[in-house]
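Notes follow in the order I went through them.

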Amino acid sequence: MGPEEGSTPVDNVVTQFSTYEDFLDSQITTVDLYYLEDEGLARQLVELGYRGTGEVVKREDFEARKAAIETARLAERTQKKTLASAGKDLQDNFLKALAVREDDNRSGKVSSVIFIRDRNSHGQEVSGYIDYAHRLKIEDFEVYFSGKKRLLPKPTDMSFYNWDSHVAVWNSTPNYQVIADNPEGLLFKYKRDRKILNVDPKAQPGDNSTRTPIRTDLYIQTVIFDHVSRRKT
């Protein structure tokens, strides 16, 4: 049955009572208890529609509606919790750019690839490409948005290069296949729609993709590539 305008009797009952038994008890009068002398029997008669002072509401309808309301509440609460950027006073352009993209990357509407070049804690220059949606799933980004830690490429990311030690690593992720042997440069294939993302600054990024350099005081260089999948799920 589809949603209708206004509240139904079931909606009204569900919002007023925590359990179906509480609803049944509200329909039992002192006279019923006096004559029946059995609360359980009185509840059964209300449930069957033989007793009661209001609308007849079936147990399965009550429990189904109650479950639906709790599921909706949980989903809303979970969504609010998952946004690590929520409520943060972000000053830097890079963190602001990540915050703007966080919800869409978590939901799969957009897939962002982050390029970062900077120095690590040992003073070595490193750079790499990060699958934002994947890192959001496996890491708590609250530490980055709060400024407790700096987001940097890791050897487990899509690509990682240490300019001092000349260590280069590539890894495919749940979202992207890395094409490292391309003579024209590094490419990433988005697995959902199989579109190619070209990260060469001199080339077009590809179908449904954009390249956005971000001015930031936190890093030597940052660029964010955004890909919107057109494949229906």
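This is a predicted model: local features need pLDDT of at least 70, side-chain atom pairs count only at pLDDT 80 or more; totals for chains, interfaces and linings use all residues.

**Entry 1: an arginine to start with**

I began with arginine 119, which counts as partly exposed because its relative accessibility is 40%. Its side chain meets that of glutamate 125 in a salt bridge, at 3.9 Å from N to O. The cut-off for a salt bridge is 4 Å, and this pair comes in at 3.9 Å. Glutamate 125 has a relative accessible area of 15%, so I noted it as buried.

**Entry 2: the whole chain**

Then I stepped back for the totals. I find 8 helices and 9 strands in the protein. Of the 233 residues, 37% are buried. The accessible surface is about 14400 Å², and carbon and sulfur atoms own 49% of that. I also looked up contact range: taking contacts between residues at least 6 apart in sequence, 50% join residues at least 24 apart.

**Entry 3: the sheet**

What is the strand order in the open sheet of 6 strands? I read it as E4-E3-E2-E1-E9-E8, with antiparallel pairing. E4 and strand E8 (209–213) are the edge strands, each pairing on one side only. On average, neighbouring strands here are turned by 10° against each other, ignoring direction.

I zoomed in on the E4 end. Strand E3 (residues 159–162) pairs with strand E4 (residues 167–170) over 4 bridges, in the antiparallel sense. Serine 159 has tryptophan 170 in E4 as its bridge partner, and phenylalanine 160 stands opposite valine 169 in E4. The two strands make a hairpin with 4 residues between them.

**Entry 4: rings**

Next I ran through the aromatics. A pair of rings is described by the distance of the centres and the angle of the planes. Searching the whole structure gives 10 aromatic pairs.

Why does the pair of phenylalanine 115 and tyrosine 129 count as tilted? Their planes are at 45°, so the pair is tilted, and the centres are 4.9 Å apart. The limits that matter for this call are under 30 degrees for stacked and over 60 for edge-to-face. Phenylalanine 115 sits in strand E1 (residues 111–119) and tyrosine 129 in strand E2 (residues 125–131), 14 residues apart, and the pair links distant parts of the chain. I have both phenylalanine 115 and tyrosine 129 down as buried.

Phenylalanine 141 and tyrosine 144 give an edge-to-face pair, with 70° between the planes and 4.8 Å from centre to centre. Phenylalanine 141 is buried, with 1% relative accessibility. Tyrosine 144 is buried too, with 5%.

I also wanted to know which residues go with Phe115 and Tyr129 in one aromatic cluster.

Side chains of opposite charge can pair when their charged atoms come close. I count 11 salt bridges in this model.

One of them joins glutamate 142 and lysine 88, at 3.8 Å from N to O. Glutamate 142 is in helix H8 (residues 142–145), while lysine 88 is in the loop between helix H5 (59–82) and helix H6 (93–107), so this bridge ties together parts 54 residues apart in sequence. Glutamate 142, at 23% relative accessibility, is partly exposed. Lysine 88, at 28%, is partly exposed as well.

Then I took a pair within a helix. Glutamate 102 and arginine 106 meet in a salt bridge at 3.0 Å, N to O. Both lie in helix H6, 4 residues apart, which is about one turn of the helix. Is glutamate 102 buried or exposed? It is buried, since its relative accessibility is 0%. Arginine 106, with a relative accessible area of 29%, is partly exposed.

Last item on my list was a salt-bridge network, which links Arg135, Glu139, Lys154 and Asp157.

Methods: Residues are numbered from 1 along each chain as its sequence is written. Side-chain values use heavy atoms; hydrogens and water are left out. Rings of Phe, Tyr and Trp (its six-membered ring) pair if their centres lie within 6.5 Å; planes under 30 degrees apart count as stacked, over 60 as edge-to-face and the rest as tilted. Buried means under 20% relative accessible area, exposed over 50%, partly exposed in between (1.4 Å probe, protein chains only). Contact means heavy atoms within 4.5 Å. Accessible areas come from the Shrake-Rupley method with a 1.4 Å probe; for residues, only the protein chains shown count as cover. Two strands pair if DSSP finds at least two bridges between them. Axes are lines fitted to C-alpha atoms, for helices over the stretch in contact, and angles run from 0 to 180 degrees between N-to-C directions.
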